Amino acid sequence: MPVSQVAVEFGRSAPLAAAAYKDADRLSGKVLVDGVLGPPLTNETFVVENPANMAVVANAPRCREADVERAVKSAHDAYPAWAAIPARERGRMVARMADLIEAECEAIAALLSLETGNALATQARPEMAGAIDMLRLFAGLGGELKGRTVPSGPGILHYTTRDPLGVVAGIIPWNAPVYLMAAKMGPALVAGNTMVLKTAEQAPLTVLRCAEIARHVLPPGVFNVISGYGEEAGRPLAEHPLVRKVTFTGSWTVGREIAGYVAAKLCPVTLELGGKNPNIIMADADLERAIPGVVQGMRFTRQGQSCTAGSRVFVHRAVYDRVVDGVVERLEALRLGDPLDEATEVGAMISEEQFDRCTYYVEMARDTPGARFLCGGGRPDDPDLRKGLFFSPTLIDGIPNDSPVCQEEIFGPVACVLPWTDFDDMMAAANDIAFGLAATLWTRDLSRAMDFAENIQAGFVQVNQYDTPQPNVAYGGLKRSGLGKEYSYESMIDHFTTSKTIIINRGTPG
Ligand code: ADP
């Protein structure tokens with residue numbers, strides 16, 4: 001959209017939008033390789049749209065093998081010198097990067113809002129704060145890259161070291177791009193690796209902006225950012241022989257493919273994949289907290305576009321009506337609108353593809369005998385929202401647990417409520433799913449809380465809260481939800497370093 005049209009389109013958020021469009025225009029058509037923000041080798045591009053009004057925000061390079069090759073070579077060339085820098089010094093550079101990003105945080109958050117459709121107040125700004133916090137966590141952990149000594153006997157020095165792996169490939173989705181950038185590049189770089197990050201085709205700009213800032217602190221080649229489609233750029237990146245580690249966040253279907261590519265060259269991989277997560281309310285729960293916990297847990301203010309979303313809400317029959325009424329009241333009060341408006345709580349879905357996917361499952365629910373739409377179910381009535389990909393927060397019940405609506409990841413603002421009476425039956429239903437990412441239980445009964453924690457099949461388990469995974473919370477799933485953990489000290493040690501065993505035998509003294 002020409003910047004002159006922005007005022008008409010955006011009303012009171014116009015100045016913010018105009019600045020973000022300008023920033024997007026400046027980044028348009030560029031990648032960051034070898035410390036230079038510039039044109040790629042490819043001359044093909046794809047369009048990045050603002051999902052709130054379908055305006056063109058920028059054109060992003062459609063990188064293929066040649067650009068992958070150039071970025072990996074740059075990361076490979078930068079690796080020996082970067083790995084030789086003392087770890088705490090690398091950490092200080094990442095901390096400095098976090099400071100520089102923080103200094104421009106408001107403008108970057110507006111750009112993030114523009115390309116993702118996420119509301120500035122409830123999503124984009126908190127995401128920036130979370131990403132900065134994540135970078136600072138890892139920046140401070142450089143001194144913790146310690147090995148061990150092993151008591152092997154007199155005259156023998158037996159120890160292990162934690163060493164970097166080399167070039168790491170990061171492949172990220174669009175739903176929390178800056179947070180995921182930080183979760184991957186923070187530990188990778190502090191541990192002494194260099195990186196090539198491929199952004200998601202729907203949201204390549206904000207990560208590129210952060211990389212542009214990082215360029216002021218990091219040596220050229222240490223952190224490279226390219227854009228492109230999965231098969232054309234992501235695949236050759238994952239398969240590249242010089243890439244010694246792949247960290248991926250995205251769908252389970254693509255995660256499985258990536259695991260296949262890297263298996264062929266025996267390279268470690270971390271996969272953070274989908275979820276269809278139970279949010280369980282017991283009869284004795286504090287409903288003052290559990291009811292807002294359903295809204296927060298489902299990430300309705302991110303249009304439900306989160307793998308952690310609590311999309312299967314199991315509610316005890318004794319409190320069923322109160323919970324459902326309370327959740328519906330809150331969902332109907334949520335303000336959908338211009339993502340850059342401070343008053344907006346819910347923005348637009350990322351793409352038509354995602355919108356159609358959501359519609360597909362909602363139609364399937366409509367065709368399910370006994371299904372009840374408790375609220376939402378499609379586009380909101382407000383004519384101002386017709387231009388964008390807005391979808392009303394939707395709550396459905398009467399759907400059997402084995403329906404695809406309850407079993408498959410919709411990745412939109414649609415939650416199913418399932419009533420229950422027997423704890424063991426409910427737990428069996430909660431576990432009767434191919435995913436195992438997150439789970440929450442609301443109760444005052446410590447014994448039940450422990451039963452739940454011990455038996456639920458999920459990698460991220462909470463009681464009496466449904467928070468987003470924070471920095472320093474080891475996060476990752478079981479079953480189809482992935483392999484390995486991220487966001488924590490363990491993730492840096494286990495997934496971004498390798499260990500070496502060294503035995504020095506002094507021999508006979510003298
Ligand atoms: P989503 O459904 O959230 O868009 P995807 O799993 O499709 O998630 O995409 C997540 C990331 O994986 C994106 O950066 C995308 O370009 C990339 N990707 C998609 N397909 C492949 C593939 N075959 N190989 C490597 N990367 C891929």
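A polar side-chain atom of Tyr261 sits 2.8 Å from a nitrogen atom of the ligand, a polar contact in the sense of a pair of N or O atoms within 3.5 Å. The model is predicted, so to speak of local features takes a pLDDT of at least 70 and side-chain atom pairs count only at pLDDT 80 or more, while totals for chains, interfaces and linings use all residues. Residues are numbered from 1 along each chain as its sequence is written, and side-chain values use heavy atoms, with hydrogens and water left out.

Glu201 has a side-chain N or O atom 2.7 Å from an oxygen atom of the ligand. For Ser251, a side-chain N or O atom also lies 2.7 Å from a ligand oxygen. On its own the ligand has 550 Å² of accessible area, and the protein covers 85% of that (Shrake-Rupley method, 1.4 Å probe).

## The shell

There are 19 residues around the ligand, with Ile172, Lys198, Glu201, Ser251 and Tyr261 coming nearest (a residue is near if one of its heavy atoms lies within 4 Å). The shell divides into 8 nonpolar, 6 polar and 5 charged residues; here Ala, Val, Leu, Ile, Met, Phe, Trp, Tyr, Cys and Pro count as nonpolar, Asp, Glu, Lys and Arg as charged, and the others, Gly among them, as polar.

## The pocket

The ligand takes up the space of the largest pocket, which holds about 980 Å³. A pocket is an open set of points on a 1 Å grid over the protein atoms alone, where a 1.4 Å probe fits, with protein on both sides within 12 Å along at least five of seven lines; lining residues have an atom within 4 Å of a point. Of the 38 lining residues, Trp174, Gly250, Ser251, Thr253 and Val254 are closest to the pocket centre.

Definitions and conventions. A polar contact is a pair of N or O atoms within 3.5 Å; within protein, one must be able to donate a hydrogen and the other to accept it, and residues adjacent in sequence count only if both atoms are side-chain atoms. A molecule sits in a cavity or pocket if more than half of its atoms lie within 2 Å of its grid points. Grid points are joined across faces, edges and corners, and a volume is the space filled by probe spheres set on the points.
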